[in-house]
Amino acid sequence: MTVTQPGEAELLRVMLRSPGYLKTLLLAALVGIPVSLAAFWFLAGMHELEHLVWSSLPRSLGFDAPPWWWPLPLLLLSGVLVGLIALHLPGAGGHIPAAGMTLGGSSPGTLPGVLLAAAASLPLGATLGPEAPLIALGGGLAVLLRNLTRAPSTPQATVLMGAAGAGAAIAAIFGSPLIAAVLLIEVVGVGGPQLFAVMLPALLSSGIGSLVFLGFGRWTGLDTGTLGIKKGAGSFPRLDAPDVLWGLLLALVTGLVMYLVSELGRRVAVFVTRRTVLRTALCALAAGACGALYALLTGRTPVDVSSSGQGTLVQLTSDPQAWGTGALVAVVLFKCLAYALCLGSLRGGPVFPAVFLGAAAGVLVAPLPGLGLMPAMAAGMAASTATMLRLPVSSVVLVTMLLGSAAMTPVVILAAVVAFVVTELLPAHTPLSGHAPARGPAPAADPR
């Protein structure tokens, strides 16, 4: 473990006194305003387009809900448009979601292609979330502001401004600046592999230690005192041994399944690099077929599969009993396949579908003896997100925030660590030329 030397502390003080760095810091503080406004209108626009395509348009054609075949023409159109954008516009329509989370590659010149590709993907039924285009939008706007104000244009300043814009965008989409800060630390990769080598034992120990501490408090009846504020009684159960054991098994299986989804997505991305328009359209059409087949087999709406999962997650968690076992199995299978196809062919982010699939897997296995619904969902979401993002700490923070309670934190931590370690021990993913490596974030450039 590296210990900060006095020379490094002095170097930090010198940097903080530098006029160029202070100007960059001031711009970083101001950039949150335009980025937040842009993020709001981007998300509002995507929501309105999605409502128009999946609700208003079917009703105007005489359907009470989107018919089973509805995703087929929409995703075919999406594939053609994204293929043309990737072929002809600067930046190829933005980051390929199969490459994982990244902060690089966003510049003012690539923003038109990024926004057009997102508009051609997300409202038309791509099984992706909006976070990657938002991060590109935030980073690009930050760099544009830097250029307009003639601030220092060194590579280090560009990285700082891009990170500031991306942080504001992440905070907007997830509703928490804490998630933005943690995710940026992991994505930028300060410390490289050593950061993960230190974090994983600390995470694992804290999760197990929390279980032991809570268990002794319950067994002995003694009170140690806690730091907190008084709130109303929550609806979360106490964690028991079966919850933890089943949660670890669920994390293992979920990690393996999502690893295969991620690998298939990368293979699709390699497949569409040649004859881009045709192959992108074919892959997008296949993703649409997943939604259509799901609707035919279950009688439910194809939106369950052909969407980011954000709205469907609310329905699933508010009334899990409304989903039969067959529907849960079908949505997991078909959404996994559609997710993999969209990861490699369309444009968007990997977070929202991963969260939904983890929650659906948790609801599916919750009837196992001794396993509660909330621990199962918590373990499933943590494992799925950690596997797809390769960011264990960010996954823990995100899932804990989504649950709205710290009661499930121990099982969330253990599931995230298990899934992350299992994924890292599996063979390296298929490489994607020009994109982030398959094994976690690259070490950041030295800011000095």
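Visitor: Let's start with rings. How many aromatic pairs does a search of the whole structure find?
Guide: The search finds 3 aromatic pairs. Keep in mind that this is a predicted model.

Visitor: How do you describe a ring pair, anyway?
Guide: You give the distance of the centres and the angle of the planes.

Visitor: OK, take Phe63 and Trp69. Why is the pair edge-to-face?
Guide: The planes of Phe63 and Trp69 stand at 80°. Over 60 degrees counts as edge-to-face, so this pair gets that name. The ring centres are 5.9 Å apart.

Visitor: And Trp69 with Trp70, what kind of pair is that?
Guide: Trp69 and Trp70 form a tilted pair. The angle between the planes is 50°. Centre to centre, the rings are 5.5 Å apart.

Visitor: Which residues do ring pairs link into a cluster here?
Guide: Phe63, Trp69 and Trp70 are linked into a cluster by ring pairs.

Visitor: Is Trp70 buried or exposed?
Guide: Trp70 counts as buried, because its relative accessibility is 5%. The cut-off for buried is under 20%.

Visitor: What about Phe63 and Trp69?
Guide: Phe63 is partly exposed, with a relative accessible area of 30%. Trp69 is partly exposed too, at 32%.

Visitor: New topic. How many cavities of 30 Å³ or more turn up?
Guide: The search of the whole structure finds 1.

Visitor: How much space lies in the largest cavity?
Guide: About 50 Å³.

Visitor: Which residues line the largest cavity?
Guide: Gly93, Gly94, His95, Val114, Ala132, Pro133, Ala136, Arg347 and Gly348 do.

Visitor: Which helix gives the most to that lining?
Guide: Helix α5, residues 131-148, gives the most. It supplies 3 residues.

Visitor: How do the lining residues divide into nonpolar, polar and charged?
Guide: There are 4 nonpolar, 4 polar and 1 charged.

Visitor: Zoom out for me. How many helices and strands does the chain have?
Guide: The protein chain has 16 helices and 0 strands.

Visitor: And what share of the residues counts as buried?
Guide: Of the 448 residues, 49% count as buried.

Visitor: What does Ala419 touch?
Guide: Leave out residues up to four places away in sequence. Then Ala419 touches Ala251, Gly255, Ala383 and Thr387.

Visitor: And how far is it from Leu252?
Guide: The C-alpha atoms of Ala419 and Leu252 are separated by 5.7 Å. Along the chain, the two residues are 167 residues apart.

Visitor: Where is Ser262 found?
Guide: Ser262 is in helix α9, residues 241-271. Ser262 is buried, at 7% relative accessibility. With residues up to four places away not counted, Ser262 touches Met388 and His429.

Visitor: What about Ile185?
Guide: Ile185 is in helix α7, residues 177-188. Ile185 is partly exposed, at 48% relative accessibility.

Visitor: Now backbone angles. What is phi for Ala92?
Guide: Ala92 has a positive phi of about 55°, although it is not a glycine. You'll find Ala92 in the loop between α3 (71-88) and α4 (111-121). Ala92 is partly exposed, with 29% relative accessibility.

Visitor: And what is phi near in Arg390?
Guide: Phi of Arg390 is near 60°. That is a positive value in a residue other than glycine. Arg390 lies in the loop between α14 (373-389) and α15 (392-403).

Visitor: Last one. Why does Arg390 count as buried?
Guide: Its relative accessible area is 7%, so Arg390 falls under the 20% cut-off.

Conventions: Residues are numbered from 1 along each chain as its sequence is written. This is a predicted model: local features need pLDDT of at least 70, side-chain atom pairs count only at pLDDT 80 or more; totals for chains, interfaces and linings use all residues. Side-chain values use heavy atoms; hydrogens and water are left out. On a 1 Å grid over the protein atoms alone, a cavity is a set of points where a 1.4 Å probe fits but cannot get out, and a pocket is an open set with protein on both sides within 12 Å along at least five of seven lines; lining residues have an atom within 4 Å of a point. Grid points are joined across faces, edges and corners, and a volume is the space filled by probe spheres set on the points. Helices (H or I, at least four residues) and strands (E, at least two) are DSSP runs, numbered from the N terminus. Ala, Val, Leu, Ile, Met, Phe, Trp, Tyr, Cys and Pro count as nonpolar, Asp, Glu, Lys and Arg as charged, and the others, Gly among them, as polar. Buried means under 20% relative accessible area, exposed over 50%, partly exposed in between (1.4 Å probe, protein chains only). Rings of Phe, Tyr and Trp (its six-membered ring) pair if their centres lie within 6.5 Å; planes under 30 degrees apart count as stacked, over 60 as edge-to-face and the rest as tilted. Contact means heavy atoms within 4.5 Å.
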